Amino acid sequence: MLGKSRAGLRTLASLAAASLLLAAGCSSGTTAPAASGAASSPAATANLTMTFLPKNLGNAYFDTSFKGVQTAVAAIGGTVTQVGPAKGDDPAGQVSYINTAAQQQVGALLVSANDKSAICDALKEAMTAGVKVVTFDSDTTPDCRNLFVNQATAEGIAKVQVDMIASQIGDAGEVAILSASANATNQNAWIDMMKKEFAASHPNIKLVDTVYGNDDDQTSFDKTAALLQSHPNLKGIISPTTVGISAAARYLSTSKAKGKVALTGLGTPNQMRKFVEDGTVTEFALWNPEELGALAAHAAAALAKGEITGKEGDKFKAGDKEYTVGADATVLLGEPYRFNKENIANFNF
Ligand code: RAM
């Protein structure tokens, strides 16, 4: 099992170490570029100004990712600015920030795509203007970016959530999904895989509904209430979004469904801690968003310096760890990790 495996233990150590890094913190939105040395090599003249564009602002998950970006960019000697739409279902809002980044001729754009294709043309124009485009967390189609930094495989992220809900409801009964926005590339990929996993290995679990809280706290809260009303036999909810799962937990924690309807999915330990402690939630999963942001920034710098192009087998360093570009210009951070009452106190993100 993931949580008990060697890989799981390694992940635990690195997640905890990154939590300490986070506690040390990094306060400013931009960092000063290093003084230029010998300006002859492409690496020395590389444009290391970056724009960080999450799905939306005000999401703790992306705030933590940005901390990792800031720390990495400071170490690299670049600058980074965060921009983004207020709402979590606004790919058109993302497009306007992409256009601005292209006009500003930043060296690299780090983006979590809120739609697989709606932001593609803008990203292609940015690449034509010389901007290196790195998707992280949520991808576009491969032709619209130079590299995708993936937190874990879609299969792995789907399986951990299906395994958790199956064990929490005795592998039988009705379940529903509370997702982010309807077009989010990452959640949709995971939902497809979860459906396959249910069909292949859990014949007695029935997925009765999928609803969308748009990574908005209140919408997610209301959708949880509506799910419980329209499915009186519901045994469990999977929310593959940090915004969704924390809003659903808040709803369940004061409802009579607490302890009767299981809730799992992807959450941050800091947002979920009180719901694990009060018994609303038994176990959920995630990766470290700070490590994901740092890896995306290092990948962007390697592209901007011309050290890699994004072809399979390209290697680059993030801190003291080396990563290799895989198929479809994708770099993998690791595996999801499970959080429960035994270990949640060890994490601070
Ligand atoms: C939300 C966002 C993000 C996703 C996490 C799990 O914060 O939708 O894209 O990766 O949840």
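The model is a predicted one, in which local features need pLDDT of at least 70 and side-chain atom pairs count only at pLDDT 80 or more, while totals for chains, interfaces and linings use all residues. Residues are numbered from 1 along each chain as its sequence is written, and side-chain values use heavy atoms, with hydrogens and water left out.

Strand S11 is joined by four bridges to strand S12 (residues 321–324), and the two run antiparallel; strands are taken to pair if DSSP finds at least two bridges between them. Within this pairing Lys317 stands opposite Glu322 of S12. The two strands form a hairpin with two residues between them, and in the turn Gly319 has a positive phi of about 65°. In the protein there are ten helices and 14 strands, defined as DSSP runs numbered from the N terminus, with H or I over at least four residues for helices and E over at least two for strands.

Strand S5 (residues 147–150) pairs with S13 in the parallel sense over three bridges, and Phe148 stands opposite Thr330 in S13.

The loop between strand S1 (49–53) and helix H2 (60–76) contains Asn56, a buried residue with a relative accessible area of 4%. Leaving aside neighbours within four places in sequence, Asn56 is in contact with Phe62, Pro85, Ala86, Lys87, Gly88 and Asp215, contact meaning heavy atoms within 4.5 Å.

The structure holds 14 aromatic pairs; rings of Phe, Tyr and Trp (its six-membered ring) pair if their centres lie within 6.5 Å, and planes under 30 degrees apart count as stacked, over 60 as edge-to-face and the rest as tilted. One of the pairs, Tyr61 and Phe62, is edge-to-face, at 5.0 Å centre to centre and 85° between the planes. Tyr61 is buried, with a relative accessible area of 4%, and Phe62 is buried as well, at 2%. The pair of Tyr337 and Phe347 is tilted, with 5.8 Å centre to centre and 55° between the planes; Tyr337 is in strand S14 and Phe347 in the segment after S14, ten residues apart. Both Tyr337 and Phe347 are buried. One aromatic cluster is formed by Phe52, Tyr61, Phe62, Phe66, Phe136, Trp190 and Trp287.

In helix H9 (residues 269–277), the buried residues are Pro269, Met272, Arg273, Phe275 and Val276. An α-helix has 3.6 residues a turn, so residues three or four places apart point the same way. The cover over the buried residues of H9 includes helix H8 (242–253), strand S10 (283–286) and strand S14 (337–340). Just after H9, Gly279 takes a positive phi of about 85°.

The ligand is surrounded by 15 residues, of which the closest are Lys55, Asp137, Asn186, Asp215 and Thr242; a residue is counted as near if one of its heavy atoms lies within 4 Å. An N or O atom in the side chain of Lys55 is 2.9 Å from an oxygen atom of the ligand. A polar side-chain atom of Asp137 lies 2.5 Å from a ligand oxygen atom, and for a polar side-chain atom of Thr242 the distance to an oxygen atom of the ligand is 2.6 Å.

For the protein as a whole, buried residues make up 53% of the 349 residues. Among contacts with a separation of 6 or more, 73% are accounted for by residues 24 or more positions apart.

Methods: Buried means under 20% relative accessible area, exposed over 50%, partly exposed in between (1.4 Å probe, protein chains only). A polar contact is a pair of N or O atoms within 3.5 Å; within protein, one must be able to donate a hydrogen and the other to accept it, and residues adjacent in sequence count only if both atoms are side-chain atoms.
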